[in-house]
2 protein chains.
Amino acid sequence: MNQSIPSLPTIRQAALRIAPLIHRTPVLTSQSINRMAGADIFFKCENFQKAGAFKMRGAANAVLSLPEAARAKGVATHSSGNHGQALAKAAQSVGIPAYIVMPETAPAVKQKAVAEYGAEIIFCKPTLEARETTLEAVVARTGATFVHPYNNYEVIAGQGTAVVELLEEVEELDAIIAPVGGGGLLSGTAIAAKEMRPAIQIFAGEPEGADDAFRSLAAGAIIPSSAPRTIADGLLTSLGDKTFPLIRQHVTAILTVSDQEIVYAMRLIWERMKIIIEPSCAVPLAAVLKHKGLFDQKKVGIILSGGNVDLEKLPF
Amino acid sequence: MNQSIPSLPTIRQAALRIAPLIHRTPVLTSQSINRMAGADIFFKCENFQKAGAFKMRGAANAVLSLPEAARAKGVATHSSGNHGQALAKAAQSVGIPAYIVMPETAPAVKQKAVAEYGAEIIFCKPTLEARETTLEAVVARTGATFVHPYNNYEVIAGQGTAVVELLEEVEELDAIIAPVGGGGLLSGTAIAAKEMRPAIQIFAGEPEGADDAFRSLAAGAIIPSSAPRTIADGLLTSLGDKTFPLIRQHVTAILTVSDQEIVYAMRLIWERMKIIIEPSCAVPLAAVLKHKGLFDQKKVGIILSGGNVDLEKLPF
C-alpha cells in the first residue's frame with residue numbers, strides 16, 4: 001500500500017494503469033446554463049463512467065496496485081453506494097474476489113448492482129460500529145485487502161485522473177469545482193490541477209446538511225458530521241486524516257448549498273443537458289449558481305461525479 | 001420551395017447550410033445494451049441536438065432555404081411538439097418571425113418552450129380541422145411560409161443529415177433503424193444511407209398503437225391512423241404523400257412494438273447510458289430487442305430522436 005501523498009506523476013501513472021478499466025469520459029457544455037451562471041462551464045461527465053461514477057477510477061487504481069501476493073485474496077470495503085459498486089466491478093474485471101459490507105437496510109437496487117458485479121455481500125446492522133466490526137471479521141476470514149472509499153492514497157490518486165483528462169481537453173480553466181463528501185475526489189483533483197496549472201483555483205460544493213468539510217476547514221481540525229442529512233446521499237461521509245490536510249492546503253473555499261438548491265441544479269442539468277446525474281453530482285453547479293460573484297465570466301471545470309439514481313424515487 | 005426528391009448531394013448541401021444552427025451530436029455505445037441485444041449498437045444522440053430533437057435539422061434547412069422575398073415574412077406551422085419548438089428556434093436564430101398553431105389543450109410546458117424561442121403562438125380547438133383552418137388564416141394574415149413537419153422535401157433533406165454524420169463516424173454499419181411517425185426522419189435517413197452505403201438495410205420502429213406505416217406498407221397505399229394512441233407522443237402522425245413512396249422504396253421492414261416494450265427500452269437507456277430520451281426515441285431500441293434475429297451480431301445504427309420529456313410525468 002502506498003503510504004506517501006500522491007503527486008502529479010503518481011496520478012499520471014495511475015491514469016496509465018487504469019486506462020483498460022475505465023472510460024475516457026466526454027466534456028460537455030450548455031449555452032443556456034452558461035447564460036444563467038454568467039460563466040463558461042465545462043462539465044467532465046463521470047456520470048458516464050463505468051459503474052456510473054468517478055469511483056471506478058480510484059477503485060481500479062487500488063485493485064491494480066495490489067502487491068502480487070495480496071491479489072488473489074481480493075478486496076473488501078464497507079459501502080452501499082458507488083464505491084462498493086466500483087470496487088466490485090474493478091475486482092471482477094481482473095478476476096479477483098470482492099467482499100462488500102452493507103447495512104441490511106440498503107435499498108434492494110444497490111444490493112442488486114453489487115451482486116451483478118459478482119461480489120459477495122455481507123450484511124450488518126446499520127451502525128458505524130457494526131460496519132467496522134463486520135468488515136474486520138471479513139478481512140480476518142478472507143485475507144482480503146481493505147480499500148477505504150476515500151482515506152487511501154491509491155484511491156485519491158485514481159480519483160485525480162479525471163481532472164487530468166479535463167485539463168488536457170480544456171487548458172485555460174480558471175477554476176475547478178468538485179463535490180466533497182469524504183474528500184477523495186477533491187484531494188486527487190486538487191493535487192493534479194494545482195500541479196498542472198498552479199494559478200487555478202480549487203473549490204468544493206458541499207450540502208448544508210453534511211457540512212463537515214466547511215466546518216473542519218474553518219476550525220483547522222477535522223470535525224466529523226454527527227447526524228448528516230441531505231438528499232445528496234453520496235456526500236454523507238466526513239473527511240479523513242489523509243484527505244483533510246490536502247484539502248486544507250489546496251482548496252480556496254468550501255461552498256455550501258441547501259437541498260432545494262441541489263434539486264434545482266439537478267433538474268437544470270437533466271432538462272438542459274439531457275443527461276442523468278444523481279443529487280450529489282448537482283452540488284457543484286448549485287454552488288456556482290449561488291456564488292456567482294466568485295465565477296463571473298470565468299472558465300470553470302465541474303466534475304460531474306455520478307449518475308446512479310433510483311428512477312422510482314426522483315425529487316421532481 | 002424545392003419540389004424534387006432530395007438525393008445525397010442535396011442532403012450534403014443541407015448539412016453545410018444548417019451547420020451554424022445545429023450541434024454535431026455524439027455517437028454513444030453501451031456494452032451492457034450490446035450484450036442484451038446481441039448486436040453492436042451505435043446511438044446517434046439527437047436528444048442532445050439544439051431544441052432537444054433532430055427536428056432542428058429539418059426546420060433549420062427549411063428556414064435557410066426560404067427564397068429571399070419570403071424570408072422577412074417568416075414561417076408558420078401547426079405543432080405542439082418538437083417541430084414547433086425547432087421551427088421557432090430556427091426562425092429566432094436568423095431573426096425572422098415564427099407562428100406556431102397549437103391546440104388550446106397543449107401542455108403548459110410545451111407552450112412555454114415555444115414562447116421562449118420568441119414565436120407567436122396561435123391557439124385553436126384540438127381538432128385536425130381547426131388546426132388546418134387556423135393555420136390557413138395565419139398564413140393569409142402574415143404571408144408566412146408554411147413548413148410542414150415532415151411532408152416537405154427541405155425538411156426531409158435536413159433530417160437526413162443526422163445519418164450522414166453517423167456514417168462518417170461509423171463506416172461499417174449493417175443496418176440503420178429510426179422511429180417513424182410522419183416519416184420525415186425515416187425518409188431522409190433512408191435516402192442518405194442507401195446512397196452512402198447501398199448494402200445497408202433500413203428499418204423503422206413504430207408503436208403498435210399508431211402503426212399506420214406498418215399497415216400502409218403492407219397495403220401498398222397510405223392508410224392513416226384514425227385514433228392513434230401510444231405513449232410515444234411524437235409518433236402519432238401518419239405518413240404523407242412525399243414520405244410514403246420513399247419509405248416504400250428504401251425500407252426493409254417496419255417493426256412494431258407495444259407501449260410496455262417502449263417504456264422498458266426507454267428505462268434501459270436512462271439507466272445504462274445515463275442519458276435522457278423521450279418515449280418516441282426508445283422505439284427503435286425496443287424493436288431491436290424484440291426482433292433479435294434480424295440484428296444478430298450486426299453493427300446497427302440507431303437514431304435517438306429526442307430528449308424532450310416532462311420530468312413530472314415519467315412512465316417509471
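Let me begin with a definition: axes are lines fitted to C-alpha atoms, for helices over the stretch in contact, and angles run from 0 to 180 degrees between N-to-C directions. What you see is a predicted model, in which local features need pLDDT of at least 70, side-chain atom pairs count only at pLDDT 80 or more, and totals for chains, interfaces and linings use all residues. Residues are numbered from 1 along each chain as its sequence is written, while chains are lettered from A and ligands numbered from 1 in the order in which they are written.

I turn to a pair of helices. Helices (H or I, at least four residues) and strands (E, at least two) are DSSP runs, numbered from the N terminus. In chain A, the axes of helix α1 (residues 8-18) and helix α3 (residues 55-64) cross at roughly 85° and come within 9 Å. α1(A) and α3(A) are therefore roughly perpendicular to each other, a term that covers angles of 65 to 115 degrees. From α1(A), Ala14(A), Arg17(A) and Ile18(A) meet Arg57(A), Ala60(A), Asn61(A) and Leu64(A) of α3(A); contact here requires C-beta atoms, placed from the backbone, to lie within 7 Å.

Next, chain A as a whole. Its secondary structure comes to 15 helices and ten strands. The radius of gyration of chain A, taken over C-alpha atoms, is 18 Å, close to the 20 Å that the globule rule (2.2 Å times the number of residues to the power 0.38) gives for 316 residues, so chain A is as compact as a globular protein of that length. The C-alpha trace of chain A spans about 55 × 40 × 40 Å along its principal axes.

How are the two chains related? The contact takes 14 residues from chain A and 14 residues from chain B.

Finally, chain B holds an open sheet of six strands with mixed pairing, in the order β1-β2-β10-β7-β8-β9; strands pair if DSSP finds at least two bridges between them. β1(B) and β2(B) (residues 40-45) pair in the antiparallel sense over two bridges, and Leu28(B) stands opposite Phe43(B) in β2(B).

Technical notes:
Parallel < 35°, antiparallel > 145°, perpendicular 65-115°, else oblique. Contact = placed C-beta atoms within 7 Å.
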